[in-house]
Amino acid sequence: MVSPDLPVFSSVSDVDVLRADLVAARFTFDAVVALVGEDAMDALVREQPAAARWAVEQARAAGAPTAGSDAGLAALVWVFVLGGVVESAELSAAMPGVGVEGLMRLGLVEPAPGGGVRAAVDLRPHAADDGLELWVASDVGAHHREGVLRKDHVLGIGQASLTLAANTVRRDVDTALDVGVGCGIQTFHLLRHAGHVTATDLSGRALAFTRFNALLNYEQLGIDPADMDARLTLLQGSLLEPVAGRQFDVVVSNPPFVITPRTVGESEEDRFTYRDGGLPGDQLVETLWRGLGDVLAPGGTAQMLANWEIPSGAHWAQRLDDWTPQGLEAWVIQRDVESPADYAQMWLRDASEDRDPVAAQRRFGEYLEDFASRDVEGVGFGYVWLRRPEVGRAHGVGRVFEEVLREVDSPLGPWLKREIDAADALVGLDVASARAVVAEDVTTETYGRPLDPHPQMIVLRQGSGLRRTHALTTEQAGLVSACDGDVPVGALAAAVVELMTDDALDADADADAAAGQHGTQRQVRDLVDFAATLVRQGLLVIE
């Protein structure tokens, strides 16, 4: 599993010395942000290093590097995060325990062409909202080296990784599975709330990086270096094949979902394995999606990020509903839609393929021809949550496919959990008999022309979570404004409808009474159903 171009877990003592140096150098996420600035750090996550480089250069020029000094921290950021070259003496001064020789023995640095040393891997601190703080190694990024990324590139902590980690609904479980582990970041978050984690990947290099990172952070992750398998098992293979016949309580995956044109005679070495599963169109996502039901234990949940093709004239959710195994609940949120042309340009930039204009133009044409062959008019991106119902427990999510293109909260996981719990709680609940109050983050906005006696539109707006909005009818607005917890929802709905009906009858005294009564009952039911929707989405809270 280990090759010369991978970090090497040589011994626990070597890693302990490295850890001590990293701590002494203050190589933490917060310290790096303080050094380069929040805006520069945000840009760095997007592979835009210019602002961070400027800040680090100023710190390096301000004084001699020593362990714990700003100049020493700047030397580490310059080498490991920004891909710069330093003299051996500068790096050894910043990390005196392990020194440059020790860093080379661990496979973390290498001689730079022209003298000095440079990073052999990207090594950077990671901090999460749940208090997890780690150092994570991955392959060097596009701003470290010239040319196209290597085909077996092991991706670091990018925006997709952060999004999935922030979206995952956390709960204490016995077993968890990470499909397509990469550098290991999802696995490390799972270890915080799962007794045992199994991680799979087609790439042996990815598994080697995960092993190194797990052992580098063994104290934070609760791993015994002498018996890693007691908490973490790494298996090589495609998607779910290595765990066939097994079931898990939680499954997460940031799979290689990028839709890439296939070429005649291509091999695995021709593909960017970190993002390209090697199947035509979105078949890899479909294969994984359809197979997740087999690995979910009763009550088990799966979450992943995915791309999907949207055929011309079709609704984006139609194929995804077909992919969902029978008996599973599904909540899919489409977050973005790209045209075939924009999609091709985005992924050409991702692997730095656009650095060769001639090759990039040829490849761009291949993307467009590939999409046209399947009559694809757009590519969706979004979040996927699946659950296998458990006998004897209430499950109320069902199947929901919604598009949310606006900005949402992060971390989103706690908000998703609230909506899932609310949906489950609604099973068997008589909403009409319940009392509800408006959630604290909900506001209303009215729109109308100046001097108009009545608004033309009333909008109910959620200030957190998925930040949903609802354009309200007059009846719906009346119901929501009356939800103060004192009167049951059904009684409020009846009172609102009666008030509106009386106004209508005053305007048309000849209205048919029987028809009016039937319509009134239907309106009350509709208002109660609307209240239930707001409860599920968190805009109303049952007391």
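In what order do the three strands of the open sheet lie, and is their pairing parallel or antiparallel? In this predicted model, the order is 14-15-16, and the pairing is antiparallel.

The pairing of strand 15 (residues 457-462) with strand 16 is antiparallel and extends over four bridges. Within this pair of strands, V459 is placed opposite A471 of strand 16. Helix 17 (residues 474-482) packs on the sheet, where contacts are made with strand 15 and strand 16. The direction of helix 17 forms an angle of about 115 degrees with that of strand 16.

A search of the whole structure identified three cavities of 30 Å³ or more, and the largest cavity holds about 80 Å³ of space. At least two residues of its lining come from each of four elements, namely helix 8 (159-167), strand 9 (296-311), strand 10 (329-338) and strand 11 (376-387). The lining consists of L164, N167, Q303, M304, L305, W331, I333, Y383, V384, W385 and L416. Classified by residue type, the lining of the largest cavity comprises nine nonpolar and two polar residues, with no charged residues.

Key. Residues numbered from 1 in each chain as written. Predicted model: local features only at pLDDT ≥ 70, side-chain atom pairs only at ≥ 80, totals over all residues. Heavy atoms only, no water. Pairing = 2+ DSSP bridges. Contact = heavy atoms within 4.5 Å. Axes fitted to C-alpha atoms, helices over the stretch in contact; angles between N-to-C directions. 1 Å grid on protein atoms, 1.4 Å probe; cavity = no way out; pocket = protein on both sides within 12 Å on 5 of 7 lines; lining within 4 Å. Points joined across faces, edges and corners; volume = space filled by probe spheres on them. Nonpolar A, V, L, I, M, F, W, Y, C, P; charged D, E, K, R; others polar.
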